[in-house]
Amino acid sequence: MVTIYDIAAKAGVSAMTVSRVINNTGKISDKTKVKVRRVMEELNYVPNHMARSLVLQQSNLLFLLITDITNPFYTTLARGAEDAAKKHGYRLLFGNSDESVEKEKDYLDTILATRADGVLVAPAGDPSLPHLETLRKHRVPFVLLDREVPGMESDVVLGDSKEGARKLVDHLVSMGHRQIALINGSPYVSSARLRLEGYREALKLNDLIYDEGYVLETAFELRNDLSDIEAWLDRMDPMPTAIVAGNNVLAVEVIRTLHSRGVKVPEQISLVCFDDLGPYSEIDPFLTVVAQQAYQFGYLGMQLLIERIGQRGETGIPWKKIVLPADLIIRRSVTLPARLSSLYPLYGD
C-alpha cells in the first residue's frame, strides 16, 4: 500500500507537506501542490479517509436511514438528500430498515462504526427512541424525517399528514361518497396516527359516523401476504364505496387484493392515497393522491443536519420543525357512488 512517505520520497518533500496537500491545509506553493498531486496520481495513491477522520474528528460522511427504498417517496427523498450532501462536500451512505426496529439497530451500530458526522433518519416508529438516545449519547447529530418519536426532541421535517387526510376524505365526500374506509400504517408510527386523526376529523366535519370496523391498522411496508387486507374486506358490512390508503404501497396492495376478487377500481370501488408513485404515475395517471414534497423532505432535512453539525458543541440552539404542505392531485381512481356495480364479489358470492 502506497503511503504519504512514499509520495514524499518521490516528490522530494516532507511527509508533512504531503499531508498538508491532501488535507488542503497550511501554506503550500501551487508549484509544490502540483508536483505532489502528480506523484499521487502516478502511484495511484488513495487517501485513508478513516485515518484522516480520527485526526480531524470529522469523516465528511453522512448517513441516510429510511424505511423502504422501494417506495418512490423515499427514492425521491434520497435524491434530495444526496444532492444537498454533495453540494456541501459530504459523501452519503444509506440504509433501509424495512420498518424493522431490529434492522434499524444494526444500522445504528454501522453508523457509529463508520464515525458518520450525522444521520438523517426516518425512524421505524415509536420504539426507535432508544436508538435515537444512543446517537445523542455519542454526540452524533441527527434530523428526523417524515416521523416524530415521542420523548425525543430534535430537528424534524414532516408532511402535513392530518391536513392531507382531510383533503382526501373531503374529495371523496364531494364526489358523493358516505361510506369511506381507511387502511393505514401502524399506530406506533406518528404519521399514521396523524392520518387517522385527519380522517376522523374530516368524517365528523362532514356529518359522517366513524366506524372502527372501517379502519385497518397494518404496516406501510410491501408484503407478499395480503391475508390481513382480505380479512378486513370480508368483515366490513356494508362495504365502503371508497377507501383511503395511508400510503402508495398500501394503495397498490388494496388494488391487488380487489383485482384478485374481480373487483374493479374505480368502477366498483373508489380509491385514494398518500404519496404519488414517482415517475410511474406519468405513464398512466390513475391514482388520486395527496402528493408530498419528497425531494424537499430530503434536501431540507440534509440542510438542517449540516447546520446542526456546524453547531456541534454549542448549546441552547432551538430545534427546528418544518412542516411541508401536501397537494391533492385528482385523477381517475374516484367515481360517483351511483356508478358502482354490485359489491357481492367482495364476499365471494
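Ala, Val, Leu, Ile, Met, Phe, Trp, Tyr, Cys and Pro are counted here as nonpolar, Asp, Glu, Lys and Arg as charged, and the others, Gly among them, as polar. The model is a predicted one, in which local features need pLDDT of at least 70 and side-chain atom pairs count only at pLDDT 80 or more, while totals for chains, interfaces and linings use all residues. Residues are numbered from 1 along each chain as its sequence is written, and side-chain values use heavy atoms, with hydrogens and water left out.

We can begin with the cavities. On a 1 Å grid over the protein atoms alone, a cavity is a set of points where a 1.4 Å probe fits but cannot get out, and lining residues have an atom within 4 Å of a point. Grid points are joined across faces, edges and corners, and a volume is the space filled by probe spheres set on the points. Three cavities of 30 Å³ or more are found by this rule. The largest cavity has a volume of about 100 Å³. Its lining comprises 15 residues, with Asn71, Tyr74, Arg147, Phe220 and Asn247 nearest the centre. By class, this lining of the largest cavity holds three nonpolar, five polar and seven charged residues.

The second largest cavity, with a volume of about 60 Å³, is lined by residues including Leu65, Glu104, Val119 and His131. Two or more lining residues come from each of α6, β3 and α7; helices (H or I, at least four residues) and strands (E, at least two) are DSSP runs, numbered from the N terminus. Seven nonpolar residues, one polar and one charged make up the lining of the second largest cavity.

Helix α7 (residues 129–137) deserves a look of its own. Its buried residues (under 20% relative accessible area, 1.4 Å probe, protein chains only) are Leu129, His131, Leu132 and Leu135. These cover an arc of only 160° around the axis, taken from the directions from the helix axis to the C-beta atoms, and therefore lie on the same side of α7. They pack against α6 (101–113), β3 (118–121) and β4 (142–145), where contact means heavy atoms within 4.5 Å.

Glu148 sits in the loop between β4 and β5 (155–159). Because its relative accessibility is 29%, Glu148 counts as partly exposed, the class between buried and exposed, the latter being over 50%. Not counting residues up to four places away in sequence, Glu148 touches Asp126, Val156, Leu158, Ser190 and Lys321.

Terms used:
On a 1 Å grid over the protein atoms alone, a cavity is a set of points where a 1.4 Å probe fits but cannot get out, and a pocket is an open set with protein on both sides within 12 Å along at least five of seven lines; lining residues have an atom within 4 Å of a point.
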